[in-house]
Protein chains: 2
Amino acid sequence: MAELVRVAVDAMGGDNAPAEIVKGAIDAVNECKNLKVFLVGREDDVNRALSGLTYEKERVQVVNATEVIEMAEPPVMAIRTKKDSSIVKGMYLVNHGECDAFISAGSTGATLVGGQVIVGRVKGVDRAPLAPVIPTRKGPALLIDCGANVDAKAHHLVQFAKMGSIYMENVMKIKNPTVGILNIGAEEEKGNALVKETFPLLKNCPDINFIGSVEARDIPAGTADVIVCEAFAGNIALKMYEGTAKTMMGVLKEGLTSTFKSKIGALLALPSLKKSLKAYDLKQYGGAPLLGLKGLVVKTHGSAEAVEVKNSILQCVTFTEQNISEKIRENLASD
Amino acid sequence: MAELVRVAVDAMGGDNAPAEIVKGAIDAVNECKNLKVFLVGREDDVNRALSGLTYEKERVQVVNATEVIEMAEPPVMAIRTKKDSSIVKGMYLVNHGECDAFISAGSTGATLVGGQVIVGRVKGVDRAPLAPVIPTRKGPALLIDCGANVDAKAHHLVQFAKMGSIYMENVMKIKNPTVGILNIGAEEEKGNALVKETFPLLKNCPDINFIGSVEARDIPAGTADVIVCEAFAGNIALKMYEGTAKTMMGVLKEGLTSTFKSKIGALLALPSLKKSLKAYDLKQYGGAPLLGLKGLVVKTHGSAEAVEVKNSILQCVTFTEQNISEKIRENLASD
């Protein structure tokens with residue numbers, strides 16, 4: 001049997017903790033024989049969530065952590081002072097080599113800060129980007145960076161492009177993934193100072209399959225497999241994607257239920273409609289990895305339910321088995 | 001009778017020029033008695049488009065311009081060299097006081113550059129932002145700036161906030177419009193260097209109704225009437241809005257037509273669905289004004305058809321009658 005992949009799970013983070021988090025973790029353990037999970041959180045709460053669930057006891061371990069970092073807490077201070085929180089303890093399991101990965105649906109800020117200061121970056125990586133996999137008309141794409149490092153420099157973006165390519169090739173199995181830079185026009189002379197400085201660096205980078213600028217309007221259509229961006233712009237693109245999809249669904253629902261006739265129509269059309277829209281469910285790909293760290297850190301949505309938690313954990317298994325951190329270290333060391 | 005509002009129209013710009021542009025202009029003339037349009041373009045082409053249309057001859061004037069600026073041309077060079085193009089001639093009509101406003105569905109770059117260098121900025125305005133009105137769940141909102149000035153500074157964003165407030169209050173008739181700054185989190189300490197520098201300036205600005213940070217995901221829900229942003233971020237938010245809506249509509253259509261049952265359902269639900277979705281038609285508000293110029297310049301979509309052209313022209317009438325440029329001059333002169 002291969003060595004078990006060990007994933008630490010923040011059992012206390014997110015809107016549905018601990019019940020959905022614990023359930024998702026157990027679902028992952030039951031689906032993947034090559035996995036052990038460490039449920040980090042208040043022992044009593046975690047054990048209560050575990051009661052009634054069936055699983056192999058030796059592949060599930062509860063790690064007691066008495067504190068919880070709340071969503072609104074300033075992240076740096078929280079990481080520094082709450083040493084017995086589920087996030088800090090989970091991160092240390094990775095730092096000490098007791099776990100390969102850590103996932104949390106809790107505070108994004110604390111997860112990002114903890115990843116950088118506790119887990120630590122791979123040698124050669126200057127900044128660790130948050131890189132969610134998003135759905136497009138042509139399949140999954142990686143938006144890198146979406147919030148970890150505002151005001152990044154051009155050479156950081158080049159590293160993001162390399163790390164993103166390695167992730168998409170090895171975890172999402174897209175051969176020679178295309179890389180675009182998020183821009184406000186398709187022409188090479190368009191863009192802000194950062195994009196203009198980064199463009200030629202990407203163009204001359206032999207390790208990636210660079211295809212030029214990608215406009216935000218082309219992202220949902222699936223124009224590139226990896227979209228490189230500075231975190232402020234990337235976060236806006238990601239949130240606008242989520243917000244527009246949510247609003248459109250609301251409008252759609254309103255339209256379908258506004259009259260008796262439309263309700264009958266909705267009943268008839270719903271199965272086909274759901275099937276088409278399922279491809280746009282942001283939860284199917286699991287959470288957003290924080291790349292370039294010594295272990296994998298994954299941030300899932302605060303609203304994550306069991307299925308997203310399960311997918312995020314399975315993503316950690318592929319990541320670890322594919323030895324992504326080592327591949328990133330090798331690739332970036334050659335800079 | 002009040003003085004006529006005089007609007008110069010680029011009859012050669014956009015995918016549907018000159019036919020749809022000319023038709024939209026004539027529709028506007030027929031709808032608004034207080035309007036005269038100047039159709040700028042190749043005389044023969046414009047006259048051919050006019051033939052068969054009914055209108056008051058003295059309120060429609062054709063201005064011959066033999067050249068056309070193409071979409072792909074570098075804007076600065078095009079404005080400098082194509083002196084007899086519809087964009088350059090139309091802009092000079094405003095600069096010389098022969099027209100109050102100019103609209104184009106042609107090259108965005110040339111329209112932005114021409115606006116700044118030919119029409120010219122109002123005294124006190126440092127940069128002229130492109131500010132499209134976008135639909136939200138709660139009605140129209142203004143996204144300012146969406147592409148005119150990348151890498152703007154904090155004091156520019158404060159001017160955008162003031163100009164946007166004046167526009168929404170006077171043209172869109174929203175009393176004491178709320179102003180938010182586009183950010184990657186709701187907390188005051190979030191953001192990049194530019195947002196952190198701008199936030200306290202907006203907070204302490206007595207002329208606007210500042211409500212703090214707005215996340216991109218909250219824009220479609222209608223969280224603020226005016227959303228202030230640097231052009232690169234604003235352009236990404238706008239294009240992502242358009243791109244996601246377009247992709248979602250495609251997915252929706254695919255779902256509704258995939259089976260016999262869903263097609264029947266679609267037939268029944270379509271009238272209600274169309275009614276709900278109509279509120280999200282980007283074309284209803286006309287084009288995006290370039291604010292802070294001595295006359296109004298409006299950029300409409302390259303794909304604009306007659307109805308959008310008409311709405312853009314009517315928007316110019318309100319703008320001119322409300323004396324917005326003068327209000328901006330007075331407000332910004334006090335800085």
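Let's start with B:Ala269, which counts as buried because its relative accessibility is 2%, and the cut-off for buried is under 20%. Please keep in mind that we are looking at a predicted model. B:Ala269 belongs to helix 9 of chain B, the stretch from residue 260 to 278.

What does B:Ala269 touch, leaving aside residues up to four places away in sequence? The contacts are A:Leu256, A:Ser262, A:Gly265 and A:Ala266. On chain B itself there is a Leu256 too: B:Leu256 sits 13 residues from B:Ala269 along the chain, and their C-alpha atoms are 9.8 Å apart.

How do the two chains relate?

Now for some empty space. Rolling a probe the size of a water molecule over the atoms shows where such space is left. Here, the structure holds 1 cavity of 30 Å³ or more, and the largest cavity has about 50 Å³ of space. Which residues line the largest cavity? From chain A we have A:Met248, A:Met249, A:Leu252 and A:Leu277, and from chain B come B:Met248, B:Met249, B:Leu252 and B:Leu277. Helix 8 (231-256) of chain A and helix 8 (231-256) of chain B each supply at least two residues of that lining. Sorted by class, the lining has 8 nonpolar residues, with no polar and no charged ones.

Let's finish at the other end of the numbering, with helix 1 of chain A. This helix runs over residues 19-31, so to speak 13 residues, and spans 18 Å from first C-alpha to last, close to the 18 Å expected at 1.5 Å a residue. Its buried residues are A:Ile21, A:Val22, A:Gly24, A:Ala25, A:Ile26, A:Ala28 and A:Val29. An α-helix has 3.6 residues a turn, so residues three or four places apart point the same way. And where do the buried residues of helix 1 of chain A pack? Their partners in chain A are strand 1 (5-10), strand 2 (35-41), strand 3 (60-64), helix 2 (43-50) and helix 10 (306-321).

Notes: Residues are numbered from 1 along each chain as its sequence is written. Chains are lettered from A and ligands numbered from 1 in the order in which they are written. This is a predicted model: local features need pLDDT of at least 70, side-chain atom pairs count only at pLDDT 80 or more; totals for chains, interfaces and linings use all residues. Side-chain values use heavy atoms; hydrogens and water are left out. Helices (H or I, at least four residues) and strands (E, at least two) are DSSP runs, numbered from the N terminus. The expected span of a helix is 1.5 Å times one less than its number of residues. Buried means under 20% relative accessible area, exposed over 50%, partly exposed in between (1.4 Å probe, protein chains only). Contact means heavy atoms within 4.5 Å. On a 1 Å grid over the protein atoms alone, a cavity is a set of points where a 1.4 Å probe fits but cannot get out, and a pocket is an open set with protein on both sides within 12 Å along at least five of seven lines; lining residues have an atom within 4 Å of a point. Grid points are joined across faces, edges and corners, and a volume is the space filled by probe spheres set on the points. Ala, Val, Leu, Ile, Met, Phe, Trp, Tyr, Cys and Pro count as nonpolar, Asp, Glu, Lys and Arg as charged, and the others, Gly among them, as polar.
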